[in-house]
Amino acid sequence: AEAIAPQVPVAPEALVVAAAPAASIPVILEEGDAALPLTGMRRIIAKRMRESLTELAQANHRMEADMTEAVRMRGQLKAMGVKVSFNDIVLRCVARALEMHPEMNASMTGDAVIRRGHVNIGMAVATEDGLLVPVIRDANRLTLVQLSERARDLGARAKAGGLGPDELSGGTFTVTNLGMYGVDSFTPIINAPEAGILGVGQIK
């Protein structure tokens, strides 16, 4: 899906590192090359994203959304002193959509699809240590302003390294946004065991 410049940026380099090739693939170093080992969080990210690509069926769909009304609404809220980002609006829409389509608010196991009873949306955030996905729990029960405040808080603490393990787990669907980099569309990798992910591009 296309649209939205994000409030919480996702750096392309974090995604590139996370998608690094498996260690079993031989790489020949030539003069002037430098090997930068994957350690800590980046190693974990690379492992999980590789497992997602190899163990889950990845079906990709692209579409454009008319953001005219979203732009108008955000402008009206701003005039009232209420600050929300386009990414907040997308998160709110996703939360409502997951209520309407519970088959997407699900997790995959080896022999079953588990429909989740709570709408917990993960939002991809780039940090110095790699890509983190803090989780907004029960996002469908939050107003747009509440959701915006929660997203802003999680994003800031993710960058500062202040999130607890419970804030990085339990997601049922993920949203990742590269609109601020001028990206029109891209192919995000599902955050297993979730059943889906939404990649958001720029508003034109």
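In this predicted model, Asn-177 is found in strand β7. With a relative accessible area of 2%, Asn-177 is buried, since the cut-off for a buried residue is under 20%. The C-alpha atom of Asn-177 lies 7.5 Å from that of Ala-124, although 53 residues separate Asn-177 and Ala-124 in sequence.

Because 5 of the 5 residues of β7 are buried, the strand is largely enclosed by the rest of the structure. Cover is present on both faces of β7, with Phe-173, Val-175 and Asn-177 buried on one side and Thr-174 and Thr-176 buried on the other.

Strand β7 belongs to an open sheet of 4 strands, which has the order β6-β3-β7-β8 and in which the pairing is mixed. The edges of this sheet are formed by β6 (135-136) and β8 (197-200), each of which pairs on one side only. In general, the strands of a sheet pair through backbone hydrogen bonds, in either a parallel or an antiparallel arrangement. Strand β3 (residues 121-123) and strand β7 (residues 173-177) run parallel and are joined by 3 bridges. Within this pairing, Gly-122 stands opposite Thr-174 in β7, and Met-123 has Val-175 of β7 as its bridge partner. The pairing of β7 with β8 is likewise described by bridges, being parallel and extending over 4 of them; here the bridge partner of Thr-176 is Gly-199 in β8.

The loop between β7 and β8 contains Pro-193. The peptide bond leading from Ala-192 to Pro-193 is cis, and its omega angle is near 10°. Asp-138 has a phi near 50°, which is a positive value in a residue other than glycine. Because its relative accessibility is 22%, Asp-138 counts as partly exposed, the limits of that class being 20% and 50%.

Helix α4 (residues 86-100) lies across β3, β6, β7 and β8, and its direction makes an angle of about 155° with β7. Helix α4 also packs with helix α5 (residues 144-159), at an angle of about 115° and with the two axes 9 Å apart. The crossing of α4 and α5 is right-handed. On the α4 side of this contact are Asp-88, Ile-89, Leu-91 and Arg-92, which meet Leu-144, Leu-147, Ser-148 and Ala-151 of α5. When these residues are sorted by class, the contact of α4 with α5 comprises 5 nonpolar, 1 polar and 2 charged residues.

Helix α3 (residues 68-79) consists of 12 residues, and the distance from its first C-alpha to its last is 17 Å, close to the 16 Å expected at 1.5 Å a residue. Just after α3, the backbone at Gly-81 takes a positive phi of about 85°. Helix α2 (residues 40-55) includes Ile-44. Ile-44 counts as partly exposed because its relative accessibility is 41%. Between the C-alpha atoms of Ile-44 and Gly-130 the separation is 9.4 Å, while along the chain these residues are 86 residues apart.

Considered as a whole, the chain has a secondary structure of 5 helices and 8 strands. Along the sequence, these elements follow the pattern α-α-α-α-β-β-β-β-β-β-α-β-β. Of the 204 residues in the chain, 38% are buried.

Definitions and conventions: Residues numbered from 1 in each chain as written. Predicted model: local features only at pLDDT ≥ 70, side-chain atom pairs only at ≥ 80, totals over all residues. Heavy atoms only, no water. Pairing = 2+ DSSP bridges. Helix = DSSP H or I, 4+ residues; strand = E, 2+ residues; numbered from the N terminus. Contact = heavy atoms within 4.5 Å. Axes fitted to C-alpha atoms, helices over the stretch in contact; angles between N-to-C directions. Expected span 1.5 Å × (residues − 1). Left-handed = near helix turned anticlockwise from the far one by under 90°. Nonpolar A, V, L, I, M, F, W, Y, C, P; charged D, E, K, R; others polar. Buried < 20%, exposed > 50% of the residue type's maximum accessible area, 1.4 Å probe, protein only.
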